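Here's a short tour for anyone meeting this structure for the first time. Have a look at it, then read on.

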Amino acid sequence: YVPGGKAVYPSSLLMNVVPAKVAGVDEIIVCTPPRKLGKVNPLTLVAADICGVDKIYSVGGAQAIGAMAYGTMSIPRVDKVVGPGNRYVTAAKSLVSNIVAIDKPAGPSEILVLADDSADPDLIALDMISQAEHGQGGLSGLVTPDVGLASSVAGNIRRLIDGIPRSGDVKEVLRDGGFIFKCKDINEAIEFTNSYAPEHLEIMTKEPEKIAESINTAGMIQLGSYTPVSATDYCMGTNHVLPTEGYGKISSGITVLDFLKPISIVKASKEGLMKTAGYVKTLAESEGLPNHSLAVEGRFNR
């Protein structure tokens, strides 16, 4: 699934299709919301062509997820649905996850900046605004022990907001999902971050690498002032399809592994099986499954 809506996401098509191609997936179809007159955005079409997508359908939203999960007269049933989307797409993926494999909940964009008094408030404001640009349902926050930084970032956002492109959309997201949390110290900031499990975590502190060692839940961690989410979204070698809504605690971003299924292949010799027979007997009897043991013992009573 490649989102469309108010923005165009050929980058999301690349992030989903390239790992699948590397993994050797035989057939890839794309569903993406239509523009006026039912046409797919030409940038998305070009990206699909470059990546070798087999089929692309002009359909979006929850209905696209349902079509891929169940199949229709025109859209085939798939084995796995991957890709980010709005809250409705994310909910639809969860609803059909009992009949088709999905990657992870990858809903509206989230950014959390963890910063101390060494951070540049202008850059933090710009990054919070940039992620709010993704639209409805997004979360854009700052956690810091420095009250002066918190105040400066809030002031910068207010100063910039009216003069930026797509100001109305950004204002709506920051109104509903923007926040600044003043904590007592950096340890509380780390504790909050691990509990929150943000999709993107920018660490702007004196020693960002040291702070990162204590983070275990973020979908992606960006270190320092020159690693903004805007860059990692496009061209720093990492995938931008990441877990949201706290799923960073148990999941990670899209990789080739999402399109691979390991199969164990085992072959034992008679001598090798004999070495396991005693363990099999002990465990089988303890679990109340005696025929498991007999199936092994029978191979030596012939």
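Which residues does Asp 233 touch, not counting those up to four places away in sequence?

## Around Asp 233

Asp 233 touches Ser 11, Met 15, Gln 131, His 134, His 200 and His 240, where contact means heavy atoms within 4.5 Å. You'll find Asp 233 in the loop between helix H10 (229–232) and helix H11 (270–286); helices (H or I, at least four residues) and strands (E, at least two) are DSSP runs, numbered from the N terminus.

## What we're looking at

This is a predicted model, where local features need pLDDT of at least 70 and side-chain atom pairs count only at pLDDT 80 or more, while totals for chains, interfaces and linings use all residues. Residues are numbered from 1 along each chain as its sequence is written, and side-chain values use heavy atoms, leaving out hydrogens and water.

## Two positive phi values

Arg 166 sits in the loop between helix H6 (147–160) and helix H7 (167–177). Its phi is positive, near 55 degrees, though Arg 166 isn't a glycine. Arg 166 is partly exposed, at 29% relative accessible area (buried is under 20%, exposed over 50%, partly exposed in between, with a 1.4 Å probe and protein chains only).

Ala 197, also not a glycine, has a positive phi of about 55 degrees. Ala 197 lies in the loop between helix H8 (186–196) and strand E8 (200–204), and is buried with a relative accessible area of 0%.

## Where H5 meets H6

Residues of H5 that meet H6 include Pro 121, Ile 124 and Leu 126. On the H6 side, Leu 149, Val 153 and Ile 157 are among those involved.
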